[in-house]
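Thank you for sending this one over; my comments follow as numbered points.

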Amino acid sequence: MRFSQSLIPTLREPPANAEIPSHILLLRAGMIRQLASGLFTWLPLGVRVLQKIERIVRQELTKRGACEILMPFVQPAELWRESERWDAMGPDLARLADRHKNEYCLSPTHEEVVTDLFRNNISSYRQLPCNLFQINTKFRDEIRPRFGVLRSREFIMKDAYSFHLDEETFNETYRAMYDAYSAVLERLDLEYRAVQADPGLIGDGESHEFHVLAQVGEDALAFSENSSYAANVERAEAIAVGARPDPSHQLEKVSTPGIASIDSLVQFLGIERDQVAKTIVARGANSPIALVLRGDHELNELKAARLPDVLQPLQFASDAEIERAFNCRPGSIGPVGTEVPVYVDRAAANLSDFACGANENDFHYTGVNWERDVACDRVVDIRRVREGDPAPDGSGPLSIVRGIEVGHIFQLGTKYSKSMQASVLDSDGKNTYPLMGCYGIGITRLAAAIVEQRHDDIGIDWPIEAAPATVHIISLNAERSELVQQTAEKVYDECLGAGVDAIYDDRSERPGVKFADADLIGIPHRIMIGERGMQRNQVEYRFRRGEIEAIAPSSVVERLRS
RNA sequence: CGGAGUGUAGCUCAGUUUGGCAGAGCGCUGCCUUCGGGAGGCAGAGGCCGCCGGUUCAAAUCCGGCCACUCCGACCA
């Protein structure tokens with residue numbers, strides 16, 4: 001690829017509407033341009049990165065028996081009605097009609113189409129298990145696209161779907177996909193974590209997310225330093241340590257005028273936040289539901305939403321609803337003496353002699369004890385884990401890091417095979433609904449995640465396997481030296497001839513400009529050809545920010561391979 | 001959808017308060033000089049000042065409406 005004949009519009013200054021490193025650098029390096037909110041054009045260098053990533057993904061998947069297909073991006077509403085997702089999906093699903101007024105959607109995911117393909121073409125257990133994947137465009141009409149290509153509306157995703165007659169082969173494929181995803185991220189030289197994840201509305205089985213560690217990551221991950229335990233914080237189990245101490249104080253009702261928050265209460269009473277029980281009220285199917293946490297803990301809304309009778313998704317009760325249920329303002333509520341169902345978090349259930357609202361305006365209780373003063377029969381895990389909490393496998397404290405979710409694998413069970421009548425005959429000649437698995441990798445997001453994790457003050461630091469080219473060849477002041485010009489051309493030709501992917505900066509720019517662009521673009525191997533070295537028939541090799549090494553022009557290909 | 005901000009040249013931004021010739025730097029074109037880490041000079045090209053309407057002798061600037069983009073929040077198989 002010749003720089004002068006490609007489209008590589010590098011920018012000296014960071015664009016005004018980009019804030020995070022990957023967005024800024026992909027724009028500055030001339031790899032992407034934004035068309036509209038959440039919609040991006042990939043320019044030549046960017047496309048090469050995507051192709052490199054896709055290549056790795058293809059290799060790792062086909063190696064493990066998955067077969068590539070390509071499904072339509074525009075899909076008939078009929079299929080989505082069969083799976084009952086046409087209505088369930090809401091406004092994230094972009095809908096359109098054709099000239100005959102038939103309804104369609106832009107695909108946010110392909111379960112429906114792949115299940116339809118399966119039921120029309122596979123009817124025997126002999127053809128299972130079966131694992132199909134594609135690399136294709138997706139569209140999700142996000143409420144708020146952000147972070148450049150990290151959360152765009154249109155994006156490229158590798159999605160795979162597997163079909164199984166039994167748990168065993170499902171587990172084998174699940175494991176194989178887990179390994180494939182790990183291998184992809186290893187080859188990209190990324191610091192990543194595979195974590196237990198919330199399976200979401202789909203399915204209810206095991207689920208793992210693959211996260212590239214980065215500050216801008218939207219997810220918090222909890223992991224144990226001493227074991228393999230790792231989970232998305234939204235899913236990580238919080239355990240309570242030790243047992244509840246015996247009561248030593250009497251229950252006492254205290255006048256607390258104007259005290260309506262945990263902070264003001266602990267200050268007023270001169271106690272710590274972890275000696276207070278706080279009560280949060282969620283809307284339930286029949287009545288409001290009280291959720292009790294220790295004062296220093298935070299509610300995990302996903303966990304709370306899974307409690308019986310709590311509305312899903314979780315909704316908090318309004319102030320008016322709370323006043324009606326507790327006969328006092330929200331700042332004075334507590335579990336003692338209330339009629340509403342009370343769920344107590346494990347840590348809160350371990351409290352004794354604690355403080356909480358008295359369900360009477362401007363009054364709190366102190367010296368409260370479970371069982372003695374208030375029932376505690378619904379102890380549940382509803383809090384968000386924090387740094388330093390004990391890992392649920394007992395291996396020590398949890399650490400928390402931020403990650404970008406680039407992959408997700410999970411079980412679909414028989415949700416789609418049943419709703420869409422995709423059955424096969426088993427060896428006894430009986431109709432059976434196959435188990436399905438679903439596996440996704442965000443290709444465009446992965447490209448951005450790489451930049452997010454691997455960049456410095458001068459530009460991007462592409463892993464070799466994802467770099468837009470293997471080598472960046474720079475000629476220095478070639479228009480003043482026939483020899484430099486000819487040598488650069490020759491080196492470039494030899495690279496191409498040897499199958500080495502090269503970008504050749506043949507522009508008549510000053511050296512400083514070329515160096516700066518090369519740093520920004522971030523191809524790790526660099527060859528510089530200038531008059532200075534030519535005097536001794538040498539060119540210069542440099543691996544990103546490393547020492548400069550003088551080598552013979554004829555040995556470039558060899559050097560790159562070593 | 002709630003809150004905040006920004007829209008002026010390809011990019012980054014002045015100019016808007018107080019209405020009066022459309023500006024700078026970078027980039028781009030040509031010439032000269034320079035030439036191993038984003039050089040310098042001269043001459044140029046490039047504008048629906050987001051859009052629509054209003055006020056005014058006169059609107060980038062004031063008023064009203066709309067749109068787009070960014071950020072925070074809610075949301076996110």
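1. For the residue classes used below, Ala, Val, Leu, Ile, Met, Phe, Trp, Tyr, Cys and Pro count as nonpolar, Asp, Glu, Lys and Arg as charged, and the others, Gly among them, as polar. On that basis, the lining of the second largest pocket is made up of 14 nonpolar, six polar and one charged residues. Please keep in mind throughout that this is a predicted model.

2. The space in the second largest pocket comes to about 310 Å³. Its lining consists of 21 residues, and those closest to the pocket centre are Lys 278, Thr 279, Pro 330, Gly 331 and Ile 333. Helix H7 (262-269), strand E14 (277-282) and strand E17 (352-360) each contribute at least two lining residues, with E14 giving the largest share, namely five.

3. As to the overall division, chain A falls into domain 1 (34-237 + 400-452), domain 2 (252-380) and domain 3 (471-561). The centres of domain 1 and domain 3, taken over C-alpha atoms, are 41 Å apart.

4. The count of salt bridges comes to 42. In one of them Glu 68 pairs with Arg 58, with 2.7 Å between the closest N and O atoms. Because Glu 68 belongs to strand E3 (residues 67-68) and Arg 58 to helix H2 (residues 44-63), the pair ties together parts that are ten residues apart in sequence. Glu 68 is partly exposed, at a relative accessible area of 36%, and Arg 58 is likewise partly exposed, at 30%.

5. Which residue meets the side chain of Asp 381 in a salt bridge? The partner is Lys 303, at 3.0 Å from N to O. Asp 381 sits in the loop between strand E19 (379-380) and strand E20 (398-413), while Lys 303 is in helix H8 (residues 301-305), so this pair ties together parts that are 78 residues apart in sequence. Both Asp 381 and Lys 303 are buried, that is, under 20% relative accessible area.

6. A further salt bridge joins Lys 490 and Glu 494, whose closest N and O atoms are 3.7 Å apart. These two residues are four apart in helix H13 (residues 482-497), which means that about one helical turn separates Lys 490 from Glu 494. Lys 490 counts as exposed, at 51% relative accessibility, whereas Glu 494 is partly exposed, at 29%.

7. Finally, a network of salt bridges links Asp 189, Arg 454, Asp 456, Asp 457, Asp 461, Arg 544 and Arg 545.

Notes
Residues numbered from 1 in each chain as written. Chains lettered and ligands numbered in written order. Predicted model: local features only at pLDDT ≥ 70, side-chain atom pairs only at ≥ 80, totals over all residues. Heavy atoms only, no water. Domains from an automatic or database assignment. 1 Å grid on protein atoms, 1.4 Å probe; cavity = no way out; pocket = protein on both sides within 12 Å on 5 of 7 lines; lining within 4 Å. Points joined across faces, edges and corners; volume = space filled by probe spheres on them. Salt bridge = Lys/Arg side-chain N within 4 Å of Asp/Glu carboxyl O. Buried < 20%, exposed > 50% of the residue type's maximum accessible area, 1.4 Å probe, protein only.
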